[in-house]
Amino acid sequence: MTPFVRRPQALGSWAVVLVGVLAVTTGLLGAGNLLPTLVRTHGHTLLLVVAIVAVGELLRIRMPSGRETAPLSSAAALAVVFLGRIQGEPTFALESGLVVLVVAAGLAGAAVVRRLRHERVGAPALAARVVGVWVAAGLARGLGPSDGTLWAAQLDSTASQALVALGMVAVAVVGLLTELVLVAGIRAEQQRTPWLAAVRDEVGEAAPLTLAVVVTGPMVALLAPVLGLLSLPVALVPLAMAYSAVRQYARNRETNRQLIGTLSHLTEHGGYTPVHHAERVAELSLRVGRVLGLGDRQLRSLEYAALLHDLGQISLLDPIPDGATVLAAPADQRDIAEEGARIIRRAETLDDVARFVETQTTAYRLVRELGEPVPLESRIIKCANAFDDLTSGSSDPVLVNAAMERIHLGLGYEYDPDVVDALTRVVEDATVGRVDDRSSAAR
Amino acid sequence: MRNRREGGGASATTFYLAVVVVAAVVLAAVATRVRPISAGPDLIAVLALALLAVAYPRVVVGDRVQLAISSIVMLAAQAVVGPAAVALVGAVVGPFQGSTWQGRVFNSAQFSFFGCLGGLAFLGAGGSLDPADLSGVGAVVVHLAIPMIVADVVQVLANAVLLSGMLRVAMGIPVRLQIGLLLRSTGAAALGYGVIAFILVVLWIPAQLGPFAALMVLAPLLVAHWAYSQHAEEVQGQQRVLEVLVAAVEAKAPHLVGHSARVAELSGHMAERLGLTPQQVADTRMAGMLHDVGQTSLPTRVVRELDLTGSVIGADYPAAGADLLGDLTFLHGALAPIRDHRTTPTTTSEDSLPTRIVAVADSWDLLTQVGAPGQRLHAPAEAREALAARPSIGDDLLRALDHALSRNPADEAVS
C-alpha cells in the first residue's frame, strides 16, 4: 500500500509543500466563511475552472528531458487569477485567498484521480503551482488600494485595456516563474544536482510553452466580458495547438533516442559487446553528467555518444574478449574509437557525438600535462565505460568496490578526478542524478 | 523534384493568370460597392500584421505546411476592416511570396480574391463589422463566430481551387487530386486558425485591446511554430541516424559502399511506377536503404566473403536485420521487405510487392555494381537477362525497373 501522497524525500520539497499548505490555510482562514456564498453565486464559473484545472493537470506533457509540465492547467489557474467581468454571470470578485482555494480544489481533484489510477501524485510540484498562483493572485488582486488593483483596472472603462493586458502578462510571468523556480529546487534536491543548472534547464526547456501559458490566462479574462464562460475553452485553443505541437516534437525525440538505441544494439547482436552494456554506460554517464551540471543539449549528446561508444567494434575482424575496451591495448582502444567516430560522422547533425566518441580513450594525464582538448563528455564516458566493463553491470558490492578501487588507482592519470568524484556519489546512492522517478513510483 | 507532366505550356499559364487577376479586380470592385474601404489605424495595423506574417518563415514537415499565420491575419481582417480592405491587403501582401514574377502576380491576385470572397461570405452570413455593438454571448456567436467560420471555409476552398487550377495549367496535375491534397493538409488546422482569428477579433474590438491583441494571440502560435521546427529538425535527424546505420554496415562491408543508397533510390522509383501509395513508396525506399542491416550480426570475415549475386536462398541475416529494427514503430512498414527480400515469394499479391521490388533492386545493383568477390561485374543487358530468367520476377517488375533506371541516367553512366 503506498501512502496517499508520496513522502517528499527532503527538506526543500517539504518546505514547498508547507508553503502550499500555508497558502491554502490562509485562504481558508481569511475567507473560508465566504465559501458557501461563493459556491451559490459563482456555481457555473467554479465548476468550469475547477474542472479545467484538474483535467489540464491530468494532461501533463513529458518533455524530452523527462520533466513534466501541465501547460493547460497552469493557464487555467492563471485565468482564475485575472477573471473579472463575465458576460451572463456575476462578476468574479474574489479575495486572492479564495482564488488559491479554487485552484487548489482543481489540483486536489487531479491528485485524487491520479491516486485512484495508482500513479505518482507529485505533491511538491502541485504545491509549487499553488504557491505560484498565490503570488500572482496577491499581485493582481491584493496589491494597492481596493479600487486600484490591477484586477480592478480591467473593470474601469477609462483604463487602457492594452496596458491592463500588459500588466496581467507581467503578473502571470512572475507567478509562473515562482512555480518553475520552486520545481527546479525540488528537482535539484531529488537528483542532487546543482540548483542553478536545474533552474536554467527548467526555465529554458519550458520557456516557449511558458510564453504561451502567460498570455492565455489574461486572454481568458479579457475575452470573458464578451464571450462569457465560453472564453475559457475558446482561449485554450491556441495553447492546445501549441501543446499538441510540443507533444509531437517530444514523441519524435523519443523515437530518435530509440533509433540511437538500435544502433547501439548492432555490436551486441554481432556478439562484439555484452548485452545492455551500452544502455548501462549511457544511464551512468547521464547521471554523472547531471551531477556535474551539464545542460540539456549537452546531456543529449552525451547520452547518444555513450550509447554509441563501442560502435567502432563493428568492423573488427577479431572481436576483443567480452567487448571490454578497458582491458584492450591503448592503441586498439584508439582505433576502435576513431572507427566509431568515422561512422557517426556520416550524419552531420551528430558531429558533437562523433567528437565525444573519438576522444573517449584519451587519458586524463594528456589533458593535464599536454593540454589536449578532451571534452568533459568524453571523460565521463571513459569513466562510466570502465566502471561497467569492470563490474559487467553487476551491482554486487564486492565487484563494485573492486571496480571503484581500480578506477581510483587511475585517478588523475587515467581518469578525471571530478568525474570520478561524481561517479562515486552516483554509485553510492541510487537516487543521485536520476530524472525519471517513475520507475520507483507505484505504477 | 516531383515528376512534372507537361501542362498546357506558357500561353495557357499566362491566360489563367490573366483570368485570376481580372476576377480579383472585379470582386474587389464589387466589395468596394458593398462596403467602401475606410482608411484608419486598424487598416494600417492589419497591413503591418499581414506583412509580418508572410515574412515569417513557414515550417514544412514532410509535405505539409504546419502553420500559416498569414491565413489567420486575413481571416481576422475580414471582420476588422471589411472585404474591400482585405482585397487590398491580399494584393499588397501576395507579391512577397513567390520567386518568379508570374508567381508573385498570381499570389497577389489569389490572396486578394480569396480574402475578398471570404469577406463577402462573412457579410453574407450575417457577420457584423461593428462587433463592439454586439450585446450578449448569443449575438457574438451568431454575428461573429458563425460568419467567421463560414468565411474560413470559403477562404480555404477558394484558395484550394485557385491554386489547383494553376498547378493543373502549369504542371498538368489533375485538379481533383490537388484539391483533395490541399484540403487534407489544411483541414483540421484551418478550423484552429478560425478560432484563433475569432479570438483576435474579439480582443481587438469589443475587448478594446486594439492591435495589441495580435501580440497576445501570436504568442502560442510562435510556440507551435517553434515546436514544429524542432519537430522538422528531429525528422531530419532521424534520416541522418539511419544513414549512420548504413555507414555501420558499410564499415563492415566496404564493398557495399553506396549499395544501400542506390537500392533505396531504385526501390522508391519502382514503387512509384507500380502505383503504390506515398506511404508504401516511403516504406519501400526505407526497406531498400536498410535491407542489409542484418549483415552486422555476422562476423566481419564472413560478410566480406559473402556472395550475394546468385539467387541463393536461406541466408538468415535478413531476419536478424528485421529483428534489430523491430522496436522502431516508424519502420513497421519496411520490416517485411527487409526480412523477406532474399526469399522466393510464395505469392504475387499486392502485399508482397514492396518485398519483390526490394529483391529486384537489390539483385540488380549487386549484379551491375557490387559483383561477387573476385569476379567481374555484369553488363546491364546481361544483368537484365539474368533477372528475367528468375521465375519469381514478373514482367511488371522488370518494366518498373527499366523505368526507374531511365529516370536516373547518372546511375547508368556509372555502370
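**Figure 1. A:Glu414 and its partner A:Lys382.** In this predicted model, A:Glu414 is partly exposed, with a relative accessible area of 24%. Its partner in a salt bridge is A:Lys382, and the closest N and O atoms of the two are 2.8 Å apart. Follow the chain and you will see that this pair links distant parts of it: A:Lys382 belongs to helix α16 (residues 376-391) of chain A, while A:Glu414 sits in the loop between α17 (397-409) and α18 (417-428), 32 residues apart. Is A:Lys382 buried or exposed? With a relative accessible area of 9%, A:Lys382 is buried, because a residue under 20% counts as buried.

**Figure 2. A salt bridge between two helices of chain A.** Here A:Arg257 pairs with A:Glu303 in a salt bridge, with 2.5 Å between the closest N and O atoms. Again, the pair links distant parts of the chain: A:Arg257 lies in helix α10 (residues 231-269) and A:Glu303 in helix α12 (residues 296-307), 46 residues apart. A:Glu303 has a relative accessibility of 16%, so A:Glu303 counts as buried.

**Figure 3. A salt bridge within one helix.** Look now at A:Glu369 and A:Arg365, whose side chains meet in a salt bridge (3.7 Å, N to O). How far apart are A:Glu369 and A:Arg365 in helix α15? They are four residues apart in this helix (residues 364-370) of chain A, so about one helical turn separates them. A:Glu369 is partly exposed at 48% relative accessibility, and A:Arg365 is partly exposed too, at 25%.

**Figure 4. A network of salt bridges in chain A.** This view brings together A:Glu57, A:Arg60, A:Arg62, A:Glu68, A:Arg114, A:Arg117, A:Glu119, A:Arg129 and A:Glu179, which are linked in a network of salt bridges. As a reminder, side chains of opposite charge can pair when their charged atoms come close. How many salt bridges does a search of the whole structure find? Over all chains, there are 24.

**Figure 5. Inside the largest nonpolar core.** This core has 126 residues, and those that touch the most other members are A:Phe82, A:Met219, B:Leu144, B:Phe198, B:Leu203, B:Trp204 and B:Met216. Helix α9 (residues 195-227) of chain A supplies the largest share, 13 residues. Zoom in on A:Met219: leaving aside residues up to four places away in sequence, A:Met219 touches A:Ala235, B:Ile199, B:Leu203, B:Met216 and B:Val217. Another core, of 78 residues, lies apart from the largest one and includes A:Val281, A:Val426, B:Val246 and B:Ile338.

**Figure 6. Where chain B meets chain A.** At this interface, 57 residues of chain B are in contact with 62 residues of chain A. The area buried between the two chains is about 5,300 Å², and carbon and sulfur atoms give 73% of it. Which side chains form the one salt bridge found across the interface? They are B:Glu250 and A:Arg346, which meet at 2.4 Å, N to O. Seven residue pairs are also found in polar contact across the interface. On the side of chain B that touches chain A, the elements giving two or more residues are α6 (137-171), α7 (175-204), α8 (212-252), α11 (300-305) and α12 (317-325) of chain B. Among these, α8(B) gives the most, with 28 residues. Sorted by type, the residues on this side of chain B are 38 nonpolar, ten polar and nine charged.

Technical notes. Residues are numbered from 1 along each chain as its sequence is written. Chains are lettered from A and ligands numbered from 1 in the order in which they are written. This is a predicted model: local features need pLDDT of at least 70, side-chain atom pairs count only at pLDDT 80 or more; totals for chains, interfaces and linings use all residues. Side-chain values use heavy atoms; hydrogens and water are left out. A salt bridge is a side-chain nitrogen of Lys or Arg within 4 Å of a carboxyl oxygen of Asp or Glu. Buried means under 20% relative accessible area, exposed over 50%, partly exposed in between (1.4 Å probe, protein chains only). A nonpolar core is a set of buried Ala, Val, Leu, Ile, Met, Phe, Trp, Tyr and Cys residues joined through side-chain atoms within 4.5 Å. Contact means heavy atoms within 4.5 Å. Buried area is the accessible area (1.4 Å probe) that two parts lose on being put together, summed over both. A polar contact is a pair of N or O atoms within 3.5 Å; within protein, one must be able to donate a hydrogen and the other to accept it, and residues adjacent in sequence count only if both atoms are side-chain atoms. Ala, Val, Leu, Ile, Met, Phe, Trp, Tyr, Cys and Pro count as nonpolar, Asp, Glu, Lys and Arg as charged, and the others, Gly among them, as polar.
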